[in-house]
Amino acid sequence: MKHFQTAPVPVRSMENSGLTVEVSSCEAAIDELDSWPKHTAKWRLAYQRCYEAIEDRVTVDEAKKTFEAAAKEAGVLRNR
């Protein structure tokens with residue numbers, strides 16, 4: 001499993017909007033991305049980067065950054 005080296009990314013759950021999910025790995029990020037209704041350019045890039053990190057083609061940090069950007073755009077990124 002490709003864990004984020006720094007703090008997890010807190011996002012609002014799509015299944016229960018009152019719940020915050022702490023995403024701490026590329027695999028968990030992909031699971032969260034799969035639940036989002038809109039697939040924007042930032043969403044696609046985050047999805048791609050997470051898979052690339054799993055395959056050791058980009059850094060986990062790069063995948064995390066793109067996931068955070070997609071979460072912010074989607075309005076699901078929670079404050080820490």
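Predicted model: local features only at pLDDT ≥ 70, side-chain atom pairs only at ≥ 80, totals over all residues.
How far is the sulfur of cysteine 26 from the closest cysteine sulfur?

Residues are numbered from 1 along each chain as its sequence is written, and side-chain values use heavy atoms, with hydrogens and water left out.

Back to the cysteines. The sulfur of cysteine 26 is 4.7 Å from the sulfur of cysteine 50, too far for a bond. A disulfide here is a pair of cysteine sulfur atoms within 2.5 Å, and the structure holds 0 of them. Cysteine 26 is buried, at a relative accessible area of 0%, and cysteine 50 counts as buried at 0% too. By buried I mean under 20% relative accessible area; exposed is over 50%, and partly exposed is in between, using a 1.4 Å probe and protein chains only.

Cysteine 26 brings us to helix α1, residues 26-35. Helices are DSSP runs of H or I with at least four residues, strands are runs of E with at least two, and both are numbered from the N terminus. Which residues of α1 are buried? They are Cys26, Ala29, Ile30, Glu32 and Leu33. These residues cover an arc of only 165° around the axis, which puts them on the same side of α1; the arc is taken from the directions from the helix axis to the C-beta atoms. What do they pack against? Their partners are strands β1 (9-12) and β2 (20-23), plus helices α2 (41-54) and α3 (60-74). Contact here means heavy atoms within 4.5 Å.

Now for the core. In soluble globular proteins, nonpolar side chains tend to be buried together. A nonpolar core is a set of buried Ala, Val, Leu, Ile, Met, Phe, Trp, Tyr and Cys residues joined through side-chain atoms within 4.5 Å. The largest one in this model has 20 residues, and those with the most contacts inside it are Phe4, Val11, Cys26, Leu33, Trp36 and Phe67. The elements giving two or more residues to this core are β1, α1, α2 and α3.

Let's stay with phenylalanine 67. Leaving aside residues up to four places away in sequence, Phe67 touches Val9, Val11, Val23, Ala29, Glu32, Leu33, Trp36 and Ala46.

On to the aromatic rings. Rings of Phe, Tyr and Trp (its six-membered ring) pair if their centres lie within 6.5 Å; planes under 30 degrees apart count as stacked, over 60 as edge-to-face and the rest as tilted. There are 3 aromatic pairs in the structure. One of them joins tryptophan 36 and phenylalanine 67, which are stacked at 5.7 Å centre to centre with 25° between the planes. Tryptophan 36 sits in the loop between α1 and α2 and phenylalanine 67 in helix α3, so the pair ties together parts that are 31 residues apart in sequence. Both of these residues are buried.

Another pair, tyrosine 47 with tyrosine 51, is tilted: 5.4 Å between centres, 55° between planes. Both tyrosines belong to helix α2, 4 residues apart, about one turn of the helix. Tyrosine 51 is partly exposed, at 39% relative accessibility. Ring pairs link Trp43, Tyr47 and Tyr51 into a cluster.

Next, the charges. A salt bridge is a side-chain nitrogen of Lys or Arg within 4 Å of a carboxyl oxygen of Asp or Glu. How many does the structure hold? The count is 5. Among them, arginine 49 meets glutamate 52 with the closest N and O atoms 2.8 Å apart; both lie in helix α2, 3 residues apart. Glutamate 52, buried at 8%, also bridges to arginine 57 at 3.4 Å, N to O. Arginine 57 is exposed at 56%, and its side chain meets glutamate 55 at 2.7 Å. Glutamate 55 is partly exposed at 46%. Together, Arg49, Glu52, Glu55 and Arg57 are linked in a network of salt bridges.

One last stop: aspartate 56, in the loop between α2 and α3. Most residues other than glycine have a negative phi. Aspartate 56 is not a glycine, yet its phi is positive, about 60°. Is aspartate 56 buried or exposed? Aspartate 56 is exposed, with a relative accessible area of 60%.
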